[in-house]
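Morning, everyone. Please look at the screen, and then we'll walk through a few spots together.

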Amino acid sequence: MLNLIKKEFHSEIQNRNYTYYLLTSAETVEDAYVLYVQDGKDYLELGGFEETFQKLIETDSNLASKIVFVLIHPGDSMERWQAYHRQGNQFENYMQFMTDEFIPTVEKELNRNIVKRGLLGDSLAGNSSLNLAMRNPEQWTHLLLQSAAIAIEDIGALSKMDKLDWNIYQTVGRFEDEFISVITNEKLYILTRNRELHETFILKRAKIEYTEQEASHEWVFWKKDLVNALNYFMTTP
């Protein structure tokens, strides 16, 4: 049995409210594996998140009982781009909101011993997750990226960092270089950038599970792959 709670968070930095969800199993324990999910509403409505979590519970209820999913949504498609893309006019504010307001408040309210702390995101939400992890690299243990829509500048920022002590799950579709952004009407070269990102992770000696699949830039791919990503988070140290 799952517990899904819908909540509102007011950001002083952004001067707006955000909708987010807490998803846990019916049984919870003191030690927690907390995963912050960008594009949270989409993962619930399009990504089959609850069904996938139920499968994990049936596979290993003891491990699954430790997981707390915090699924946050940025707003409509334009608000999403402005918050998640490095060139967006809300990008820096969103990073600050997550780092200084949202995460500390949520974890204070959880009042649990956090053993693992990770980020999950698809497409631009993957870019947001990567950049949040880079803000406080020592805070995070896991980074789960599904077809992350990253730019050269994001890889450049990563290349300047020291050795990364992260567990990384990264997947991308072999047809994703053809994807064109509906916001900017340009190709994002997602496959190419993910290969470059993977090489950078290796140089930083991060622990990484990387796959390329016969897939395009769409939710049917991420939904099918989600069980692998969440299982990776659940079972790796």
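At what angle do the axes of helix H4 and H5 cross, and within what distance do they come? Before I answer, two housekeeping notes. This is a predicted model, where local features need pLDDT of at least 70, side-chain atom pairs count only at pLDDT 80 or more, and totals for chains, interfaces and linings use all residues. Residues are numbered from 1 along each chain as its sequence is written, and side-chain values use heavy atoms, with hydrogens and water left out.

Now the answer. H4, residues 77–84, and H5 cross at roughly 80°, and their axes come within 6 Å. H4 is therefore roughly perpendicular to H5 (65 to 115 degrees; under 35 is roughly parallel, over 145 roughly antiparallel, the rest oblique). Axes here are lines fitted to C-alpha atoms, for helices over the stretch in contact, with angles from 0 to 180 degrees between N-to-C directions. Helices are DSSP runs of H or I with at least four residues, strands are E runs of at least two, and numbering starts at the N terminus.

Who meets whom? Gln 82, Ala 83 and Tyr 84 in H4 meet Phe 91, Tyr 94 and Met 95 in H5, where contact means heavy atoms within 4.5 Å.

Stay on H5, residues 91–110. Its next partner here is H6, residues 123–135, packed at an angle of about 60° with the axes 10 Å apart. H5 and H6 are therefore oblique to each other. On the H5 side, the contact includes Phe 91, Tyr 94 and Met 95. On the H6 side, Asn 127, Leu 132 and Arg 135 are among the residues met.

Next, Arg 117. Arg 117 sits in strand E5, residues 113–122. Is Arg 117 buried or exposed? Buried, because its relative accessibility is 15% (buried is under 20%, exposed over 50%, partly exposed in between, with a 1.4 Å probe and protein chains only). Its neighbours include Val 34, Tyr 36, Trp 140 and Phe 233, leaving aside residues up to four places away in sequence.

Last stop: two loops. Most residues other than glycine have a negative phi. Asp 39 is not a glycine, yet its phi is positive, about 60°. Asp 39 lies between strand E3 and helix H1, and counts as buried at 0% relative accessibility. Ser 147 also has a positive phi, near 55°. Ser 147 lies in the loop between strand E6 and helix H7. Ser 147 is buried too, with a relative accessible area of 0%.
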